Amino acid sequence: MSPTTLALFLQAVALVETGGDPRKIGRAGERVAFQMTPAVAASCGGYGAKEAAHYARWLELQLVHGGVDPLPYNMALAWNGGPGAVLRSQVKPQTYDYALRVKNTFEMLEASKNTPAAAAARSPTFRTVNH
């Protein structure tokens, strides 16, 4: 997963998980924008974006090692249901719905990043130098 794809994936996860409200606390104690459980946060060193990216990279490695393509949909399955459940094809039905919402949000974010206005905003600006 490229750094850009990873950033968009995490943005999609945050939007689906909390609607952008980092104060939300989940039923199992999940916290902040990415709704990481205390156990995951402890293993990654915290709840922030850097730690979420670390966790996503770990999930990616687990999927690849298990022969699963780490597409955003599959990554979302692993994020919500755990990589073991994905690799054993034992994902709960609601996790498929979650992964579809993350995938759709990811695709929306990716498409909006590729609009002419977004491309213009990313383009370098040049100033004219008078001699």
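The legends below describe close-up views of a predicted model.

**View 1. Helix α1 along its length, and the residue that follows.** Helix α1 covers residues 3–18. After α1 comes G19, a residue whose phi is positive, with a value near 65 degrees.

**View 2. The buried residues of α1 and their surroundings.** The buried residues of this helix are L6, L8, F9, L10, A12, V13, A14, V16, E17 and T18. An α-helix has 3.6 residues a turn, so residues three or four places apart point the same way. The helices against which the buried residues of α1 pack are α3 (49–65), α4 (72–81) and α6.

**View 3. The contact of α1 with α6.** Helix α6, which covers residues 93–113, packs against α1 at an angle of about 125 degrees, and the two axes are 8 Å apart. That angle makes α1 oblique to α6, and the crossing of the two helices is right-handed. On the α1 side the contact is formed by T4, T5, L8, F9, Q11, A12, V13, L15, V16 and E17, while on the α6 side it is formed by Y98, R101, V102, T105, F106, L109, E110 and K113. Sorted by class, the residues of this contact comprise 10 nonpolar, four polar and four charged.

**View 4. The contact of α1 with α4.** Here the axes of α1 and α4 come within 11 Å of each other and cross at roughly 50 degrees. This angle makes α1 oblique to α4, and the crossing of this pair is right-handed. From α1, the residues that make the contact are F9, L10, V13 and E17, and they meet P72, M75, A76, W79 and N80 of α4. The classes represented in this contact are seven nonpolar residues, one polar residue and one charged residue.

View 5. The buried residues of α4 are P72, N74, M75, A76, L77, A78 and W79. What covers these buried residues includes α1, α3, α5 and α6. After α4 comes G82, whose phi is positive, with a value near 95 degrees.

**View 6. N74, a residue of helix α4.** The asparagine N74 is found in helix α4. N74 has a relative accessible area of 15%, and because buried means under 20% relative accessible area, N74 counts as buried. If its neighbours within four places in sequence are left aside, N74 is in contact with L63, V68 and D69.

**View 7. S89, in the loop between α5 and α6.** Helix α5 covers residues 83–87, and S89 lies in the loop between α5 and α6. The phi of S89 is near 55 degrees, which is a positive value in a residue other than glycine. S89 has a relative accessible area of 61%, and because exposed means over 50%, S89 counts as exposed.

Key. Residues are numbered from 1 along each chain as its sequence is written. This is a predicted model: local features need pLDDT of at least 70, side-chain atom pairs count only at pLDDT 80 or more; totals for chains, interfaces and linings use all residues. Side-chain values use heavy atoms; hydrogens and water are left out. Axes are lines fitted to C-alpha atoms, for helices over the stretch in contact, and angles run from 0 to 180 degrees between N-to-C directions. Helices (H or I, at least four residues) and strands (E, at least two) are DSSP runs, numbered from the N terminus. Angles under 35 degrees count as roughly parallel, over 145 as roughly antiparallel, 65 to 115 as roughly perpendicular and the rest as oblique. A crossing is left-handed if the near helix is turned anticlockwise from the far one by less than a right angle, and right-handed if clockwise. Contact means heavy atoms within 4.5 Å. Ala, Val, Leu, Ile, Met, Phe, Trp, Tyr, Cys and Pro count as nonpolar, Asp, Glu, Lys and Arg as charged, and the others, Gly among them, as polar. Buried means under 20% relative accessible area, exposed over 50%, partly exposed in between (1.4 Å probe, protein chains only).
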